[in-house]
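Please report on the structure shown below, with cut-offs stated for the terms used.

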Amino acid sequence: MANTSDTIEGAAVEAGTVDRPTPRRFGFGRVGRAPNLIGFILPFLILSLWQIAAARAWVDPVFLPAPLTVVTAFWKMATKQHLARDFVASITIVGQAFIYGSVVAVALGIAAGLSRKVEQFFGPTFDTIRHIPGIAWLPLIVLWLGIGAPAKVLVIAKSVFFPVFLNTLQGIRSVEKNYIELAKVLTLTRWQLVRKVILPAAMPSIMVSLRYAAGLAWALVVVAEGLSGLEGLGFLIFRAQGLLLTDQLLVCMVIIGLVGFAIDRSMYVAQKRVLKWKQGYDG
Amino acid sequence: MATPGHLEIRNVSKTYALPGRPLVNVLSHVGFDVDPGAFVTIVGPSGCGKSTLLRLIIGLDDDYRGDILLNGRRIVGTALSRGIVFQDHRLLPWLTLQQNIGLSLENSGWSAKEKASAIRDHIGLVGLSGFEKAYPHELSGGMAQRAAIARGLANRPEILLLDEPLGALDALTRVHLQAEIQRIWEAEGVTMILVTHDVEEAVFLSNRVVVMSANPGRIVEDVAVDLPFPRDRAHVDFIALKRRILAAMGEDERRPASPRAA
Ligand SMILES: Nc1ncnc2c1ncn2[C@@H]1O[C@H](COP(=O)(O)OP(=O)(O)O)[C@@H](O)[C@H]1O
Ligand SMILES: [Mg+2]
């Protein structure tokens, strides 16, 4: 970083580092810079290989249809079938599950972080529930709530809850003692301490877990829809397998991958915005 | 303008009890007076209890014997009438410069307008105008330390404690900021207590230098510095005072090296 000498009087002697740091970026599609083309090379190679394999019939088209067939299948699913509806169904479940799970997790994480009593109250129960995978809850929840969206929302919200809860708790517990001391010197009230010191200090760790949880939620919706229900991308993908509609199966896979990618990048941008005070923060 | 505080430290002793180890006498019968508006520096080897003493005065620790009085009243807990600048600037990284300074005014009871003007005035006082919206990571070490001084002064305390505020800075910035602290002290008319182990810094800034020694932490000498401001570091009287204080610390450079060092 360049040490520009300050123009203001008095500070001229000091090496000011006031120019905004430009953090290292990699991959493609990172915000704020022209996309780096190197990230497109591998997808292009994979696509080419796929095309060649299909054209030369290295693999039976039943198992690996050509890229163009897949595009056609996409068009058919989008216009003649209800791809959009299934897509919205999946996104809605994930969105709801993510919001419910993370809001409750952050709230309880803060409470448990601030009070050992609250932590001890929830501790044993949570540590047990946490070790039963979300998907293992699904059969029971479906018995109760049916095969519709609520069961899936609940199960995915549970999977979102734990990483966010644990990271919030951890983030709050690891606030530097020096900052607490400063708050005392400035005679901050407990509420001011929480709002101005403890929460911002815990924010990096909360944001990391939210980004992770969002990706996890998207992956789980596919599994949950595959296991129960009659709509959603997860349902489509397993139905396609059953009917040997490999082209439709691939359409679903590509959509799932791209949406997951988009979710992760949006979370990255959100994280970056919230943590803009962090030096050289790069996710 | 702040009303300068009169600080009396009377026979203060402090021990730390660590489990499984003998009691440590960190401070033993420490006593001195700081006149309203005075600049007093405490020098001494590291570990002699300087920071501990400041923690007692600021009110972060009340487990001690003796009395600490500000304007005749025993201090209880922390209060906005006592400010401190730590060695690490301790600016909150998620707040901008002006928000950091504003944090010290949260409970001042002032109106938003008064707060804004106090923040602006003190950013100007420490020469950081133009950096109001900068985050701490965008400031150099010296600028961050200036910001910490502005935060310490913004709520117009009666007394400001400075715990080795320049300890982590390079020599050039240090000398520059010493002159700044001098100017700020005169401008604000606030009582200041500075802790340092730089004897030249002590003589340059203070009305009085209190020399401490370790094991147990105690006062070994109390030296009045009557030189006119601004001070000339090369003046014979300046150098003589420096020698005297170094001698009191047992670090007089004129003494032959101890055989151990040979
Ligand atoms: N919290 C503590 N518990 C036990 N001993 C401590 C604690 N804080 C400081 N000490 C001891 O007290 C002595 C004085 O420390 P300090 O006041 O930081 O010295 P100085 O600031 O003069 O370098 C040191 O020997 C240090 O080890
Ligand atoms: Mg110290």
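Which residue in β2(B) does Leu7(B) stand opposite? Leu7(B) faces Val34(B) of that strand.

## Basis

This is a predicted model, in which local features need pLDDT of at least 70 and side-chain atom pairs count only at pLDDT 80 or more, while totals for chains, interfaces and linings use all residues. Residues are numbered from 1 along each chain as its sequence is written, chains are lettered from A and ligands numbered from 1 in the order in which they are written, and side-chain values use heavy atoms, with hydrogens and water left out.

## Sheet in chain B

In chain B, four strands make an open antiparallel sheet, ordered β2-β1-β4-β5. Its edge strands, β2 (24-34) and β5 (73-74), each pair on one side only. Strand β1 (residues 7-16) runs antiparallel to β2(B) and is joined to β2(B) by seven bridges. Pairing of two strands requires at least two DSSP bridges between them. Strands (E, at least two residues) and helices (H or I, at least four) are DSSP runs, numbered from the N terminus.

## Annotated spans in chain A

An unreviewed UniProt entry lists "transmembrane region" for residues 34-52, 58-75, 87-114, 134-155 and 243-263 of chain A. UniProt positions follow the numbering used here, feature names are shortened, and annotations may be inferred rather than shown by experiment.

Residues 87-114 of chain A are 100% helix and 0% strand, with end C-alpha atoms 40 Å apart. For residues 243-263 of chain A, the figures are 86% helix, 0% strand and 30 Å between the end C-alpha atoms.

## Val62(A)

Val62(A) sits in the loop between α1 (38-55) and α2 (67-79) of chain A. Val62(A) counts as partly exposed because its relative accessibility is 35%, the class between buried (under 20% relative accessible area) and exposed (over 50%), with a 1.4 Å probe and protein chains only.
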